[in-house]
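Here's a short tour of one protein chain, written for someone just getting into structures. Keep the picture open while you read.

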Amino acid sequence: MHYKAQILDAHEMKRAMTRIAHEILERNKGATDLALVGIHTRGIPLAEQLAQKIAELEGIQVPTGKLDITLYRDDLSEISRQPIIRRTEINFDIGTKKIVLLDDVLFTGRTIRAALDALTDLGRPKSIQLAVMVDRGHRELPIRADYVGKNLPTSKTEVVKVKLAETDGEDVVELWELE
């Protein structure tokens with residue numbers, strides 16, 4: 001795999017998160033009954049960043065949760081004989097919340113389908129919305145994001161890497177080419 005281009009720098013990513021926060025607040029008429037759930041791994045710091053931004057804008061601390069979708073994946077046998085199971089941590093009643101799911105990249109839609117299954121096994125939220133840093137296209141399922149940091153048409157031979165300071169030491173979105 002070789003590097004092709006930087007798509008977003010740290011400042012542009014922060015600006016995208018601010019815009020997404022405003023769009024969520026506008027669509028939901030504020031932060032009342034909102035909760036943010038990040039999908040392991042990079043969706044979690046994105047949810048935490050978004051919660052901080054909403055707190056700055058509205059003065060309300062929105063609850064956040066962590067969702068592990070490993071056992072809900074339809075390609076589990078292809079990933080590993082012994083997949084790493086992480087902890088789902090949702091310490092609020094999802095039945096009283098409008099949930100915004102967060103992930104780094106929306107590609108085929110299969111991760112989001114698994115997340116919807118995992119989330120609804122915990123209860124029935126008032127609504128579920130989806131926010132992603134990058135939508136790169138190539139959907140295999142009828143899933144779309146409600147909030148997108150960057151729409152980035154790609155080829156199937158390209159890879160989008162969202163790097164976050166919390167997990168990767170820097171905030172940047174990069175485009176790579178498979179060899």
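At the start of helix α1, a side-chain oxygen of D9 comes to within 3.1 Å of the backbone nitrogen of H11. Before we go on, some ground rules: this is a predicted model, where local features need pLDDT of at least 70 and side-chain atom pairs count only at pLDDT 80 or more, while totals for chains, interfaces and linings use all residues. Residues are numbered from 1 along each chain as its sequence is written, and side-chain values use heavy atoms, with hydrogens and water left out.

So what counts as a helix here? Helices (H or I, at least four residues) and strands (E, at least two) are DSSP runs, numbered from the N terminus.

### Helix α1

How well does the span of α1 agree with 1.5 Å a residue? Its 18 residues should span 26 Å, and the end C-alpha atoms are 26 Å apart, which agrees. (The expected span is 1.5 Å times one less than the number of residues.)

Which residues of α1 are buried? They are M13, A16, M17, I20, A21, I24 and L25. "Buried" means under 20% relative accessible area, "exposed" means over 50%, and "partly exposed" is in between (1.4 Å probe, protein chains only). K14 also sits in α1, but K14 is exposed, at a relative accessible area of 57%.

Just after α1 comes K29, with a positive phi of about 55°, although K29 is not a glycine. K29 belongs to the loop between α1 and β2.

### Helix α2 and how it meets α1

Helix α2 passes the same kind of check: its 16 residues should span 22 Å at 1.5 Å a residue, and its end C-alpha atoms are 22 Å apart, which agrees. The buried residues of α2 are G43, I44, P45, L46, A47, L50, A51, K53 and I54. They pack against α1, β2 (34–39), β3 (64–67), β4 (98–106), β5 (127–135) and α5 (165–168).

Now put the two helices together. Helix α1 (residues 10–27) and helix α2 (residues 43–58) pack at an angle of about 65°, with their axes 9 Å apart. (Axes are lines fitted to C-alpha atoms, for helices over the stretch in contact, and angles run from 0 to 180 degrees between N-to-C directions.) Which residues make the contact? From α1 there are M17, T18, I20, A21, H22, I24 and L25, and from α2 there are L46, Q49, L50, K53, I54, L57 and E58. Contact here means heavy atoms within 4.5 Å. By class, that makes nine nonpolar, three polar and two charged residues. (Ala, Val, Leu, Ile, Met, Phe, Trp, Tyr, Cys and Pro count as nonpolar, Asp, Glu, Lys and Arg as charged, and the others, Gly among them, as polar.)

In the loop between β2 and α2 you'll find T41. A cis peptide bond joins H40 and T41, with omega at about 10°.

D135 lies in strand β5 and is buried, with a relative accessible area of 11%. A polar atom of the D135 side chain lies 3.0 Å from the backbone nitrogen of G137. Not counting residues up to four places away in sequence, D135 touches L106, V148, K150, N151 and L152.

One of those, N151, is in strand β6 (residues 147–151). N151 and G137 are 14 residues apart in sequence and 8.1 Å apart in space, C-alpha to C-alpha.

In the loop between β5 and β6 sits H138, which has a positive phi near 70° without being a glycine. S155 is in the loop between β6 and β7 (158–163). Leaving aside neighbours within four places in sequence, S155 is in contact with R136 and H138. The C-alpha atoms of S155 and D33 are separated by 38 Å.

Here is how exposed some of these residues are.

| Residue | Relative accessible area | Class |
|---|---|---|
| N151 | 53% | exposed |
| K29 | 74% | exposed |
| H138 | 25% | partly exposed |
| S155 | 29% | partly exposed |

Technical notes: Polar contact = N/O pair within 3.5 Å; in protein donor to acceptor, adjacent residues only side chain to side chain.
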